[in-house]
Amino acid sequence: MNKKILIAPSILTVDYMHLEEEIKKIENSDINYWHLDIMDGHFVPQISFGQSIVKLLKKNTRLPIEAHLMVSNPEIQALSFLKIGIERVIVHIESIKDPTFLINKTHNMNKEFGLAINPDTSISDIEPFLSKIDQVTIMSVNPGEGGQSMIMQSLDKIKYLIEISKKNKNQFNIEIDGGVKIENLHSCIESGANMLVMGSSIFNQDLDRDKTITKIRMKIDNIQNLTGDANN
Ligand code: DX5
Ligand code: ZN
C-alpha cells in the first residue's frame with residue numbers, strides 16, 4: 001500500500017485580514033498539519049508572527065500544528081511554542097550547534113522534533129541527529145519568503161536521505177518546504193518526500209480553497225498509483 005502523503009498548508013502568504021475565514025475554508029479538507037512559519041527578522045530578514053497567532057490557531061483547529069522556527073537562538077522560542085500545545089517544532093541546523101538538549105526536552109514533553117536544512121547546507125550536518133529526530137524538513141527555497149520557485153537540486157538531498165533512512169532504525173518524516181505546487185508534485189513524491197508544505201499554491205490563487213485541496217489530493221493519488229510504492 002502507498003504511504004500517506006501529508007499536506008501541510010503554510011499560512012505565511014495568507015491575507016491576514018481574512019485569516020479566520022481562510023483557516024475555516026480548509027480546516028475540514030483533506031489536509032494533515034498546519035505549518036506555521038515563524039521568522040524573527042534576524043535569522044531571516046522578515047518578521048512573520050509569534051505566539052499570539054499560534055495560540056489563536058491552536059484554539060480554533062482540530063489539526064496538529066508544526067512551527068517552523070526561522071529564528072536565531074531557537075531554544076527559548078521552541079519551548080515557548082511547545083508550551084502552547086503545538087505538536088512539533090522544527091529548528092534549523094544552521095541556528096543551533098547541538099540540538100541534543102532540545103530534542104530530549106521536546107521528547108520529554110511528548111512532542112515531536114524536526115530539523116530543517118537550508119539549500120546550501122549539507123546533509124552531513126544533520127546526520128549525527130537522524131537517529132533521534134521525528135522529521136527532516138528539506139528547504140527547497142532559501143527561507144524567508146513564500147511564493148518562491150523551487151530549487152530542484154534540493155530533491156537530490158531527499159533521495160540521499162531516503163538511502164540513509166534505509167539503514168536507520170528511526171523512521172522520520174521527510175518534508176519538503178518551498179515552491180511546492182501541482183506542477184512539481186510528481187518530482188517531490190518520486191524523490192521520497194512524504195510531507196508537502198504548500199503556501200502560495202493554496203492561498204494565493206482565485207480557485208475555491210477546498211477545490212484546490214481536492215485537486216492536489218487527486219494529483220497525489222494519481223502519482224502514487226502511477227509510480228507504485230517505489231519508496232517503501
Ligand atoms: C519559506 C517558508 C515556507 C513557505 C512556503 O521560508 O518556510 O514554508 O512559506 O510557501 P510556498 O509554498 O509559497 O513556497
Ligand atoms: Zn516553512
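This is a predicted model: local features need pLDDT of at least 70, side-chain atom pairs count only at pLDDT 80 or more; totals for chains, interfaces and linings use all residues.

Let me begin with the metal. Which residues coordinate the zinc ion (ligand 2)? The donors come from His35 through NE2, Asp37 through OD, His68 through ND1 and Asp177 through OD, at 2.0 to 2.2 Å. Along the chain, these donor residues follow the spacing H-x1-D-x30-H-x108-D. Two of them link distant parts of the chain: Asp37 sits in strand E2, residues 34–39, whereas His68 belongs to strand E3, residues 65–70, and the two are 31 residues apart. Both Asp37 and His68 are buried.

For six octahedral donors, the ideal angles at a metal are 90 or 180 degrees.

I turn now to ligand 1. This ligand is surrounded by 20 residues, the closest being Asp37, Gly144, Gly147, Asp177 and Ser200. Several polar distances can be given for oxygen atoms of ligand 1. A polar backbone atom of Gly147 is 2.8 Å from one oxygen atom of the ligand. For Gly179, a backbone N or O atom lies 2.8 Å from an oxygen atom of ligand 1. Ser200 contributes from its side chain, with a polar atom 2.5 Å from a ligand oxygen. Of the 380 Å² of accessible area that ligand 1 has on its own, the protein covers 99%.

The next residue is Arg88, found in strand E4, residues 88–92. Is Arg88 buried or exposed? Its relative accessible area is 2%, and therefore Arg88 is buried. The side chain of Arg88 makes a polar contact, at 2.7 Å, with the side chain of Gln135. Setting aside residues up to four places away in sequence, Arg88 touches a group of residues that includes Tyr33, Glu66, Glu112, Asn173 and Met195.

Pro64 may be taken together with Arg88. The C-alpha atoms of these two residues are separated by 8.3 Å, and they are 24 residues apart along the chain. Pro64 is placed in the loop between helix H2, residues 51–59, and E3. Because its relative accessibility is 22%, Pro64 counts as partly exposed. Apart from neighbours within four places in sequence, its contacts are Asn32, Tyr33, Trp34 and Glu87.

Finally, I come to the loop between strand E5 (112–117) and strand E6 (135–139), where Ile126 lies. Asn118 is also placed in the loop between E5 and E6.

Ile126 has 0% relative accessibility and so counts as buried. Beyond its neighbours within four places in sequence, Ile126 is in contact with Ile93, Leu115, Ile117 and Val136. Ile126 and Ile93 are 33 residues apart in sequence, and their C-alpha atoms are 6.9 Å apart in space.

Asn118 is buried as well, with a relative accessible area of 14%. With which side chain does the side chain of Asn118 make a polar contact? The partner is the side chain of His92, at 3.3 Å. Not counting residues up to four places away in sequence, Asn118 touches Phe43, His92, Glu94, Met139, Pro143 and Lys157.

Thank you for your attention.

How values were computed: Residues are numbered from 1 along each chain as its sequence is written. Chains are lettered from A and ligands numbered from 1 in the order in which they are written. Side-chain values use heavy atoms; hydrogens and water are left out. Donors are N, O and S atoms within 2.8 Å of the metal (3.2 Å for Na, K and Ca); water is not among the atoms, so sites may look incomplete. Helices (H or I, at least four residues) and strands (E, at least two) are DSSP runs, numbered from the N terminus. Buried means under 20% relative accessible area, exposed over 50%, partly exposed in between (1.4 Å probe, protein chains only). A polar contact is a pair of N or O atoms within 3.5 Å; within protein, one must be able to donate a hydrogen and the other to accept it, and residues adjacent in sequence count only if both atoms are side-chain atoms. Contact means heavy atoms within 4.5 Å. A residue is near a molecule or strand if one of its heavy atoms lies within 4 Å of it. Accessible areas come from the Shrake-Rupley method with a 1.4 Å probe; for residues, only the protein chains shown count as cover.
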